[in-house]
Amino acid sequence: MNAVLIALLVLPLVGAALTLAPVFGADPAAADRRALRFGSAVTGAVLVLTVVLAAGFDHDEPARMQATTDVSWIPAIGVRLHLGVDGVSLPLIVLTSLLTFLCALYSERRLPSGDGVPSARSFVGLFLLLEVGMLATFAVLDLLLFFLAFEIVLIPMYFLIARWGSGAKVPAANRFILYTLLGSAVMLLGFLLVGVRAGTFDMQALAAAHGSGLSHSTQVIAALAIMVGLAVKAPAWPLHSWLPDAHTAAPTVGSVLLAGVLLKMGTYGLVRVLLPVVPDGTTTLAPYLGAFAAVGIVYGSLACLALARPGAKGDLKRLIAYSSVGHMGFVLLGIASLTPVGVNGALFANIAHGLITGLLFFVVGALKDRYGTADLDTLSGATGAALYGRAPRLGALLAFAAVASLGLPGLAGFWGELLAMFGAFDPADGLSRPAFVTYMVLAGLGTLLTAAYLLIVVKRVCMGDPKQPAPVAELADLRPYEAVSWTPLAALTLLAGLWPALLLGLSDPAVKHLLGGG
């Protein structure tokens, strides 16, 4: 299985390199078509390998690192090419492979336009390089390799926004790269401090030591640096301000991967690195992380309410971006509780958010393509956009994704937020229970505000009088390529909601192992 994991990383890397070679023909139009089909084929092969990896995973021992490779890479500084998966990383690798493949399929029929873009080969090459970085982030077990994989995704995403985006795309891309690079630089300082003081950058060895050999002050300083760097990517309030602009400007597939995978890289790093490597420093800073998470939940919901009201000229993509700030707040709150229940809830909410918000961005991107805008006032008009009457399948999918996002029981969005609040209700020893109960109450208020703004969006976009004049003469309903790209996300949202043990059975032993110094 270690060969399968290596192939997962090598295949898209080779694919990205091949897009630079003149192998797609001389005719530009034909070359673009072949390049897009090539991108779907490579990401499809990666998805198949991921399924093989998941099928070969020993589900009886999800806490054990499996499919491992551990060889010396840079002996001078002790960096090793160390790869592996466990119950924490496997679901994220599967989610990444799935979303990337669905985005590649969607792009075959709906390649985003861009000013001065030379060809689809550039798009596919950047897309595959982005997949390499995302998958590697969840597979590497060396701090410096983690930093390298963390950084690989920045350049492809920057160009996807700056060249294939819309609106104020260049300023949005610049803000994205500036925030994330600065956050990564701070995170690297924390990694170097841990590696130098502990004598190794190996994440498994550091987790097994569970902070022994690192003084309390060293752990606090390292935890602060690592937490700030990862919180930028998460994104945690108040380090989130790059996200709404990036989502608003990004093409549809860029928004899907940004919300579905890139945000998870930050929260995954908190679980994989912060909890087991510097436990004392994490315990010291956990109340502050919980406070920022609770404020982020309420802030994100209030921002969405302001965008959803009539006359606010709220952009639907921007609204979903702010909703991500709130939803990821639940993830951060679960992690801050330092309990198995809370961390399991955070990991479940990670996957649920990737599925649901990915579907939301797909649907809203399709609406923007049809209407030429994602402005909520323009879409809804005087009586409502009436999607139920004009494009019933599209309206039903939007409503389904919205009620899943607000945490309706039976759908994926419910379990993660519930478990995160349970974790805050009874936090780990050494944390202030009154403070965390306060955070839980604020999170509960956030769930009510979330339901309010999402139901307003459904009312304004899905309901209304279909006989009233619409911004477009004819609104196409769900197209076949859209159904192929979106149906797996809707089905998995339902499956995860009805069978939460599918994910919790993997993560729970691994989380207990990490919290106990595994």
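Predicted model: local features only at pLDDT ≥ 70, side-chain atom pairs only at ≥ 80, totals over all residues.
Student: How many disulfides does a search of the whole structure find?

Tutor: The search finds 0 disulfides.

Student: Why is Cys-304 called buried?

Tutor: Buried means under 20% relative accessible area. Cys-304 has a relative accessibility of 0%, so Cys-304 counts as buried. Cys-103 also has a relative accessible area of 0%, so Cys-103 is buried.

Student: What makes Ser-40 buried or exposed?

Tutor: Try the cut-off again: buried is under 20%. Ser-40 has a relative accessible area of 6%, so Ser-40 is buried. You will find Ser-40 in helix H2, residues 28–56.

Student: Which residues is Ser-40 in contact with, leaving aside its neighbours within four places in sequence?

Tutor: They are Phe-101, Ala-104, Leu-105 and Glu-108.

Student: How do you know that the side chain of Ser-40 makes a polar contact with the side chain of Glu-108?

Tutor: A polar contact calls for a pair of N or O atoms within 3.5 Å, one able to donate a hydrogen and the other to accept it. For the side chains of Ser-40 and Glu-108 the value is 2.7 Å, and the pair is a polar contact.

Student: How do you know that the span of helix H9 agrees with its number of residues?

Tutor: The expected span is 1.5 Å times one less than the number of residues. Helix H9 runs over residues 216–233, so its 18 residues should span 26 Å, and its end C-alpha atoms are 26 Å apart, which agrees.

Student: Which residues of H9 are buried, and what covers them?

Tutor: Among the buried ones are Thr-218, Ala-222, Ile-226, Leu-230 and Lys-233. Their cover includes helix H5 (143–152), helix H7 (169–198) and helix H12 (279–308).

Student: What makes a space in the structure a cavity?

Tutor: A cavity is a set of points where a 1.4 Å probe fits but cannot get out.

Student: Which residues line the largest cavity?

Tutor: The lining includes His-327, His-353, Thr-357, Ser-405 and Glu-417. Helix H14 (340–371) and helix H18 (412–425) are the elements that give two or more residues to this lining. H14 gives the most, with 5 residues.

How values were computed
Residues numbered from 1 in each chain as written. Heavy atoms only, no water. Helix = DSSP H or I, 4+ residues; strand = E, 2+ residues; numbered from the N terminus. Buried < 20%, exposed > 50% of the residue type's maximum accessible area, 1.4 Å probe, protein only. Contact = heavy atoms within 4.5 Å. Disulfide = S-S within 2.5 Å. 1 Å grid on protein atoms, 1.4 Å probe; cavity = no way out; pocket = protein on both sides within 12 Å on 5 of 7 lines; lining within 4 Å.
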